[in-house]
Amino acid sequence: MTSSMAGEVTSGLPLPTTGDRYRKPPPFPSLHNDEEIRLFTGNEQNDKRSVELNHDNQPAAPQPARRASNLISPDSHRAVTPNSSQDDNILSQYMYKMHKFSLYETASRYYVVGVDVSEKRYRILKIDRGSDGGELNMTDDKIAYSLKEINQLLDTIDDGNRGTGGIKLRCTTWGIIGFIKFTGPYYMLLITKKSTVAMVGGHYIYQVEGTELVPLTPGKSKADSRNTEEQRFLGILSNMDLTKSFYYSYSYDITRTLQHNIIRERSALNKGLLLSSDEDLNTMFIWNSYLLEPANKVLQAAYDWCRPIIHGYVDQAALSIYGRTAHITVIARRSRHFAGARFLKRGANDLGYVANDVETEQIVSESLTTSFHSPGPRLYCSPQYTSYVQHRGSIPLYWTQDSTGVTPKPPIELNLVDPFYGAASLHFNDLFRRYGAPIYVVNLVKSKERQPRESKLLREYTHSISYLNQFLPPGKKIIHKAWDMSRASKVRGGDVIGNLELIANSVVSATGFFQNGDGQIHPMTVQNGVARTNCIDCLDRTNAAQFVIGKRALGYQLHALGILNDTTINYDTDAVNLFTHMWHDHGDTIAVQYGGSQLVNTMETYRKINQWTSHSRDMIESFKRYYNNSFLDSQRQEAYNLFLGNYVFSHGQPLLWELATDYYLHHTHPRDWSFIKPCNYINWYTPSHLHGKRLRMESNVPDKVANLPVEAIDDYWLEYYRPATLSSFPKMFAYKMNSTIKYIPLKSTQDGRYDLSPFRVRAEVETDSDRRRTKRDLGVESPLSSFRFQQFDGGISSVTSGKMTARSMSLQRWLQPVQEKVAQQGFLSEIHTGITDSELSKQVQSKPSALEKSKAAQWSFTKAVHVSLNPSVTEQEAEDYGRYIRHPQNLPLVVSSDTPADVDLSEYKEYVDGSWREKGLMVIAIDEEVAVYGELLKVGENPLTVTEEDATKKRYKAYRKWLHGKSFFKQQPLD
C-alpha cells in the first residue's frame, strides 16, 4: 500500500496474520499504558507538549499547537511507508484519528493542523483561499508528524510567506462542520466550543456550543457590501443556530442505534474485517450532509477532518442502586428529510418521508466495564448494554394546514387523494428496512369532534393501514392501536396513564428490546420492530405516550441487567422521577425544534397533578407556540432549506426569498415523474426487510482477531481514560452527571432509617382519578384525615403533617385543615368517632392499607364549609386557652429578695432606689477622661500641620517609621 493511503479508512480491510508483534499482547492496556504508547508512538516519547488538555471542560476551547522557531527536526516520515507491514496499515487508522485542530492562515492559504487524542501525532490540511466563484481546492498529504516536525513545517511556511505577513493563528477548533457556497466564495464552518453530554462504551458524545464561519477569500480582500444577495444569504444562514441541540462524536456512530453498531462490528469481525465508525453512517440523520459534499469530492478521507452532526437531543444520567451504577442514555435523532416548522411541514412527501420524524433510543447499561467488550477479551460481547428504540412522525398522508390566517388551529385539508396510499407504503417499507417487523402504530388523534379536524385524518389513516395490511404475510402485519387520548384526559373518570400502561406492555412484548451478550454464558436478545407513535403534532400526547412505553422498557432493561427482580417500576420513585425529568427535557427540545415552544401538556397534566400551578405555564407555552408559528416559522424554514441543501443558488433561478412556496424543494418535480420507477400497488414492501435481525455468537470470531490487542480494534482507552492528563473532579463528566443521589435529602439519611433504593415510592401523589375511585368507597370520615403516612425501613410508619408544597398541592388537600400535633388528632378522634388515644396510637403503629390511606385523604368541600361555619374546640384546647388567659394574674411581683453573691447589682439597685432622679442619667466621668475628650475636641490654628508636640502620638510614630522604609502594617522593610 502506498503512502497516499495512510490515515484512510478502507471498507473491508483484511486483518493481519498473527506475527511476533502480537504473540503475547495484554488483553487490555496496562495501567500505565506502556504497550499502547509503544504501538502508537514508537521511540518518540520525548515529544511532549506543555499544554493543558481540556477534554472535559464545559464548554472548552482547544489549545493551539505551540510553535518553536529554534527547533531542529529530522525529516518527516509518513504514517505508512511503502515498505511498512500490513499490521502498521491497520493500526494507522486508529493512531492518527484527530480530535483537536488549529487553523493557521497566510495571504493565500489556510492550514488546518490536527492532533490525535494521544497528543503525539499531527497532520496538516492545506486549503486554498480562492477568488470569488472559485472551486474548493484542498490537499491532505496524509503524513503523520511529531511535535518537532510540525513546528518545523510551520516555521518553513512562515519563512516562505514573510513578504505577505507570514503565518498567523486564526482560531482553534474541534472539527470542521463543512463548506457552503452561495453567490460568491466558499465558507468554512468550524466548531469552536463543545461540551460533553454522554459517554457510551468509552466513547464521548459532544454538543456543539460555538461555531465560526470563515470565508475562503484572499487575505487582503474584503467582503463586497454591494452584493446584497450574498449578505442576505448569510443573514438567513445565521438564523440556523447550531449551538442548540447539535451533537457529534469522534469514535462512536451516533447516527445509528446501538443494536445496529454492535451487529455491524461483530459481523465484520466474523468476516475478518476491521471497520471504522465513519464507514456506515446513516445520512438520514446527518444534518450537515450537504455541507460535507464539497469535502467528500476533494478528499479521500474527509471524515478525518470533518465531523457529521445530528440534530435532536442527547442526555445521560446515573442510577445509583446500593453501590451499583446504571447509566440511562437518551439519544433522539431528527431526520433531515422533509424537515421544517410545524404548520409548514405536515404529513408526508411523495418519497415517503414524514414531517417531525424523530428516532429516540434509550440505552441502559451497568458500569461494570467501560467498553463494549467482555473480559477475555470477547469483542463486542459485554452483556451490560441494553437499548430500546421508538419512532415518532407525522401521519404519512398528503395533508396540510394553512397558517396564513390568525387561527390558532387552522383547518386540516387532505389535498391529494391517493387510493393506493403510495406515500404511506414507502414510509412503512422504510420502517421495515430500519427496524424490521412488526410496526406497532400508536395513533392518538381525536376520534370525536364537533367540527371534524383530526377525525378526518383518523379515518383516512385507518383505511391506509387496512389497505396495506391485506398484502402483508401473517405475523408481519402493521398493528394499529387508535385511542383518543385527548378525550380520555378530559372526561370524568378517564384513566390516561392506566390505558397507556396497557398499551406500553403490549408494545414492548411485541417488539422486544436489545441486550448484548456472547450467546453462551450471557443470552442475547434483539429488538425486531418498533413502536410508531403519533398525534396531530407528534409533540405533547406523543411524548407522554413514548415516556410510558420507555418506562415499561426501562423495567425490562433493568431486569435483564439483574438489577430488578420484576419488570415493573412504580411512579414517584427516584428512578422514575429521574427518567421523567429526562423525557420532559427530551419533549421540550423536540417541541421547540418543530413547534417553536416547549411542551404544553406534560406528564403532570396527564397524571392530573399540579393542575393549578401548571395552568399558567400551559397558557404561556400555548401563546409562545402560536406566536412562533404565525411570525417566525417562515424564517426558520428558510434557514432549514438553505442549510440542508434543499435550495441551492443558481443563476437564472428565483432566489430563496422570492419563492412563493417551498413545495418543490421537498417533493419530486412533475417533470421527473416519468423517470421514477412506479411502485407496485400490491407488493409494496421488500420481503427481505421483514426478516428478523439476528446477533451472531462470539464463537465464530477467527483466531487472528482474538489475538489482536483491543486497542487495535476499539481504541476507547485513550479517549476515555486520557493517561498522563491532568484533570480535576469538577471537569470530569462522570462527576457532574445528573444522578438519583441528588434526589436524596441529606438530613433524612442521618437517622439511618431512610431507604436509599431508587425504586422506593417517596410520596403518595393523589390524582383526580384516584380521588374519584375512592370517593365511592368512603362511608365514614377517617380520624386520620389530616395526616399522611410515610413508610420507613423495618415496617415503622411515621405520621407527618398534612402540609404540602404549593407545587404538589391539589384543591382537595388545600381545603383539608392542617393539624400540627399528633396529640391534637387524638382529641379530634374522641369528638368525632369516639376513638381514644390508646386506640389511635395502635392505628398509627400499624401499617395503613391503601383504602385507609385513600379515606384519610378525603375532605369534602361541604365538610370544610360546615367546620368553618360551626367552629368548635376540644376540652384540652379550652383548658389551655384558659390557663393562657389566667397566667399573668398568678405571677408574683417579687420572686425573691436574695441577691446572688457573684453578680454586681449596684447600678440596678441605685436605679430601683430612685437615686437617678437626683443625679440624673448623665454618666459622670473622671478627670482624665474629660481631659482626653477635651484634647480631642481642640482644633489648632493649622490643623493640617504636624508640630513637635505631635511626635509623641502613636499615629505619627508609625508614619515616621514608614518614611524610614518600614511597612505601615507589619513594620517590615519595604521592597
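Q: Over residues 1-95, where does the pLDDT stay, and how many contacts beyond four places in sequence does the model have there?
A: This is a predicted model, and pLDDT gives the predictor's confidence in each residue. Over residues 1-95 the pLDDT stays under 50, and the model has 221 contacts there beyond four places in sequence. The stretch 774-837 also has a pLDDT below 50, with 122 contacts beyond near neighbours in sequence.

Q: What does the pLDDT of the protein chain average?
A: The average is 76, and 71% of the residues score at least 70.

Q: How many helices and strands does the protein chain have?
A: The secondary structure comes to 29 helices and 24 strands. One of the helices is α8, which covers residues 454-469.

Q: What share of the contacts in the protein chain with a separation of 6 or more comes from residues 24 or more positions apart?
A: Such pairs account for 73% of those contacts.

Q: What percentage of the residues count as buried?
A: A residue is called buried if its relative accessible area is under 20%. Of the 975 residues in the protein chain, 50% count as buried. The chain as a whole has an accessible surface of about 49,300 Å², and carbon and sulfur atoms hold 53% of that surface.

Q: Which residues is Glu-454 in contact with, leaving aside its neighbours within four places in sequence?
A: Contact is judged by the distance between heavy atoms. For Glu-454 the partners are Ile-412, Val-445, Lys-446, Glu-449, Ile-536 and Arg-541.

Q: How many aromatic pairs are there?
A: Rings of Phe, Tyr and Trp pair if their centres lie within 6.5 Å. By this rule there are 29 aromatic pairs. Among them is the pair of Tyr-204 and Tyr-206, with ring centres 6.1 Å apart and 40 degrees between the planes, which makes the pair tilted. Tyr-204 and Tyr-206 are both buried.

Q: Which residues do ring pairs link into a cluster with Tyr-204 and Tyr-206?
A: The cluster also holds Tyr-248, Tyr-250, Trp-717, Tyr-720 and Tyr-721.

Q: Where does the charged end of Lys-194 sit?
A: A charge over a ring is judged by its distance from the ring centre and its angle to the ring normal. The charged end of Lys-194 sits over the ring of Trp-174, 4.1 Å from the centre of that ring. Lys-551 lies over the face of Tyr-571, at 4.5 Å from the ring centre.

Notes
Residues numbered from 1 in each chain as written. Predicted model: local features only at pLDDT ≥ 70, side-chain atom pairs only at ≥ 80, totals over all residues. Heavy atoms only, no water. pLDDT = per-residue confidence, 0-100. Contact = heavy atoms within 4.5 Å. Phe/Tyr/Trp six-rings, centres within 6.5 Å; stacked < 30°, edge-to-face > 60°. Buried < 20%, exposed > 50% of the residue type's maximum accessible area, 1.4 Å probe, protein only. Lys NZ or Arg CZ within 6 Å of the ring centre and 35° of its normal. Helix = DSSP H or I, 4+ residues; strand = E, 2+ residues; numbered from the N terminus. Areas by Shrake-Rupley, 256 points an atom, 1.4 Å probe, with all protein chains shown as cover.
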